[in-house]
Amino acid sequence: MAEFIKFDRITKFYGPLCVVENLDLSIAKGEFVSLLGPSGSGKTTLLMMLAGFEQATSGKILLDGAAINDVPTHKRDMGVVFQSYALFPHMTVGENIAFPLQMRGIDKAETAARVKQALDMVQLSTLADRRPSQLSGGQQQRVALARALVFEPRVVLMDEPLGALDKQLREQMQLDIRELHRRLGLTIVFVTHDQSEALTMSDRVAVFNKGKIEQIGTPRQVYDEPATRFVAEFIGETNLVEGVVEAIEGREATVRLPNGAQIVSAVSDGVAAGQGVYLSIRPERIDLAEARGAARNVLETEVTDSVYQGDHLRVQLQNEAYPLIAKLGRRSREFAPGTKVFAAFSAGDCRVIAP
Amino acid sequence: MPMKIAKLTFALLTILFLVAPLIAILPLAFTSSVILTYPIPSWSLRWFEELFFADAWRRAIINSLIIGTGTTLLATVLGTAASLGLRNRLFFFRGSMRTLFLLPMVVPAVVLGVGMQVLLARFGLINSYAGVIIAHTVVAIPFVVVSVTGALAGIDERVELAAQSLGAAPVTVFRRVTLPLAMPGVLSGAVLAFATSLDEVVLTLFVAGPNQRTLARQMFSSIRENISPAIAAAAFLFIAATILIGLVVVLSRSMLERRTRPAAS
């Protein structure tokens, strides 16, 4: 994979506070990478350093092989979209979009043509003469997007751009941005704290925690094969059960749970027999039945509560050692509290995580 | 209901308290008598004539305009620059620095005046227009700083960052984004600076020579020499000018603001 953007051992201190610690990250040309993490995890700081708004305390940032640490923001040629839109309130929509073209000395005729093209792209052609404050939030964000793309920047940076929009609009914009990314072959670095947004949009997701990347991979990898407890809990919902590894055979480990049950689970490198570990079981991978089935892993439990949530049935389970949550498809039958059930799942549906 | 009437009465009394001196002096501008006192025998514009054609008064008006304009320009430029500097988060002594800039507002004018006289004399600027403009600028800057700082605080910093990322060098960001957005504040600051210069008397007494006699200074001395109703006419002029400037500012501010933040439709 060609490295287009490379963070090379980046560290950033604010006074005594370390917000990014010795971080490496490479991004390929045309890739859509999300930086996902809770607030204060360093993801926005990393983006601000890439944009040139912040300086790294140490380490190098390379763009297309050249260090850009000392290149001022206005010469970096990166389009930035902020959560607060950051449109120029004293200019019309058209003037906002023309701004980066004027900065590049592009003549009037071409500027007009490209502004029109950009407005068409975000479906706002009729609003060129409005002021930003006359637009809705979604429209303003589309203008901000057009303004960040119109000068064909080398990289597009987005800092929680959809955070201020309501749910429906946000989901529509997610698809629109993904479509633009594909159509224009853009390199996008996208900061978000919304895991479903990151999974929906990205080629790869980098999960941030306390200034470090806990895991980076495709949406499928970070969801199905979480490398750490933090990733398993931050992305989606999961059941974490403590246990001890008894044996490892290839990509599978046998784990003994506190109540003596034995589970066969997928495992990655770095886990040894005898080690205390967590077992992550996604709630939607669990099946419930009143008879012990043929599945490899079966846990005896009792239903404590069951809630109908429209698209799924959420069942809370408890046995003598640990609680579990199962999400069942809407075709599933109801389970009354107090029912003894068997929770079944395959070895590929759970994962061993080193503590 | 009685509470409402009480409130209204109180408000009216307060307003009366504030404008009573104006009500007292203004009619005297139109008296035909030669002394500044009631009752008014008959109405006349002779004191306005005196104001515009008597040499001392005409010179005073011109001086006030020259010094007011100079002060406005200097104070607005310096005050705006100071406000921009004070905005820098990395600036270590920001808090104490801001207090320092506002100090001339609270320091007694007499103290400033004495210091100013000593200092300006040293640089040979005593009894010169430049000297008076400098002195007035010192007391006018705080008004500009307060007004521009307020306007700058209302600007989303990310708008400026966005401009940078779109290819604007720092100077361009200032010219195309920061300054236009801060304009209402700069404008108010400029007007306040002009008004400050217009009615400044104490510093003027200390640093101005006979050739820099301003309108306020002229009123001050003529009230001791001869209590002529020309003073009332000058006061009328003052108030009319103030109201006019105020109107211009309110109008242009609302125009600027409509441009930047129109009401949601």
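How much area do chain B and chain A bury between them? The two chains bury about 2200 Å² between them, 64% of it on carbon and sulfur atoms, where buried area is the accessible area (1.4 Å probe) that two parts lose on being put together, summed over both.

This is a predicted model, in which local features need pLDDT of at least 70, side-chain atom pairs count only at pLDDT 80 or more, and totals for chains, interfaces and linings use all residues. Residues are numbered from 1 along each chain as written, chains are lettered from A and ligands numbered from 1 in the order written, and side-chain values use heavy atoms, without hydrogens and water.

In this interface, 22 residues of chain B are in contact (heavy atoms within 4.5 Å) with 26 residues of chain A. The rule finds 1 salt bridge across the interface, a term that stands for a side-chain nitrogen of Lys or Arg within 4 Å of a carboxyl oxygen of Asp or Glu. A:Asp159 and B:Arg158 meet through their side chains in a salt bridge, at 3.3 Å from N to O.

The largest pocket holds about 1200 Å³ of space. A pocket is an open set of points on a 1 Å grid over the protein atoms alone, where a 1.4 Å probe fits, with protein on both sides within 12 Å along at least five of seven lines, and lining residues have an atom within 4 Å of a point; the volume is the space filled by probe spheres set on the points, which are joined across faces, edges and corners.

| Class in the pocket lining | Number |
|---|---|
| Nonpolar | 15 residues |
| Polar | 12 residues |

Methods: Nonpolar A, V, L, I, M, F, W, Y, C, P; charged D, E, K, R; others polar.
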